[in-house]
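Dear colleague,

Please find below the structure that I promised to hand over.

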Amino acid sequence: NILGVALGVAVFLQNPRDTVNRLFAVMILFMLTWVNFAYIPRIIGHENAVLALVLLKIAWFATPPFFTFLYFLATFLTGSQYKYRPLHFTIGILGLGIGFLTGFTNLVVESLGFREGAVRINYGDAMWPFLGIMTLIIVSTIFITYRGYFGLPQNRKLQLQYFIAGLSIFYVANLIFNISLPIFFDIVRWYWIGDYSTIIVLGLTAYAIVKSELFGIRVVLTSLLVALIILLLAVDTII
């Protein structure tokens, strides 16, 4: 939370009128909403299942917009915002639409249960369309990112390589621990690995900022910030 808020504020204040900076700030807002509201129900679920379900729906409501804004951030970072416009329109409509569908109906998240001491989600009839749309957004983001990356000048590639590495690790973690294991194998106790892999995106983005001046930010105390990021990642891993 601290690292995400600090990065979001720093990037936004650096140039509030820049679309990329605003996309990054909004993306972090939805990211933190997803991670925090997915965490709290695991703590209070046994005591207040009704409130836990409401909070979990907020988390699931925030998830598609987070991935959608991450997609549009990738398009601007790779200079692809004026290409593939039908795809951009489709991703925007589907991502925001499925977010509202998830948050305000029982079609995706129907109820909560408990298994192996962990909260277990009982999915609704629209779970498979939800997964299909999320998969489309993820695949489209990967396509846009890598296709655009290889067409960029070398200095721009150096700016983006850490962000892309963090994005790739995050997607792999989510596909394994948030989608494959819970939905296909009914294993829910490792969900937190996918959620908290967002720290990798934030950490490597912060490193890209201090090393390559991503988003146009100049940071003087580079070594101190990098050391802080390493410390945060180490603590997160230990915990």
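Predicted model: local features only at pLDDT ≥ 70, side-chain atom pairs only at ≥ 80, totals over all residues.

Residues are numbered from 1 along each chain as its sequence is written, and side-chain values use heavy atoms, with hydrogens and water left out.

The protein chain contains nine helices and two strands, where helices (H or I, at least four residues) and strands (E, at least two) are DSSP runs numbered from the N terminus. Their order along the sequence is α-α-α-α-β-β-α-α-α-α-α. Of the 239 residues, 47% are buried (under 20% relative accessible area, with exposed over 50% and partly exposed in between; 1.4 Å probe, protein chains only). The chain exposes about 12000 Å², and carbon and sulfur atoms supply 69% of that area (Shrake-Rupley method, 1.4 Å probe; for residues, only the protein chains shown count as cover).

Helix α3 has 29 residues and should span 42 Å at 1.5 Å a residue, which agrees with the 41 Å between its end C-alpha atoms (the expected span is 1.5 Å times one less than the number of residues).

The axes of α3 (residues 49-77) and α4 (residues 85-104) come within 6 Å and cross at roughly 170°; axes are lines fitted to C-alpha atoms over the stretch in contact, and angles run from 0 to 180 degrees between N-to-C directions. The two helices are therefore roughly antiparallel (over 145 degrees; under 35 is roughly parallel, 65 to 115 roughly perpendicular and the rest oblique). Residues of α3 including W60, F61 and Y71 meet residues of α4, among them I91, L96 and F100; contact means heavy atoms within 4.5 Å. The residues of this contact divide into 12 nonpolar, eight polar and one charged (nonpolar: Ala, Val, Leu, Ile, Met, Phe, Trp, Tyr, Cys and Pro; charged: Asp, Glu, Lys and Arg; polar: the others, Gly among them).

F72 lies in α3 and touches L23, H88 and G92, residues up to four places away in sequence not being counted. The C-alpha atoms of F72 and T141 are 8.1 Å apart, although 69 residues separate the two along the chain.

After α3 comes G79, with a positive phi near 70°. Y84, in the loop between α3 and α4, is a residue other than glycine with a positive phi, near 55°. Most residues other than glycine have a negative phi. Y84 counts as partly exposed because its relative accessibility is 29%.

With kind regards
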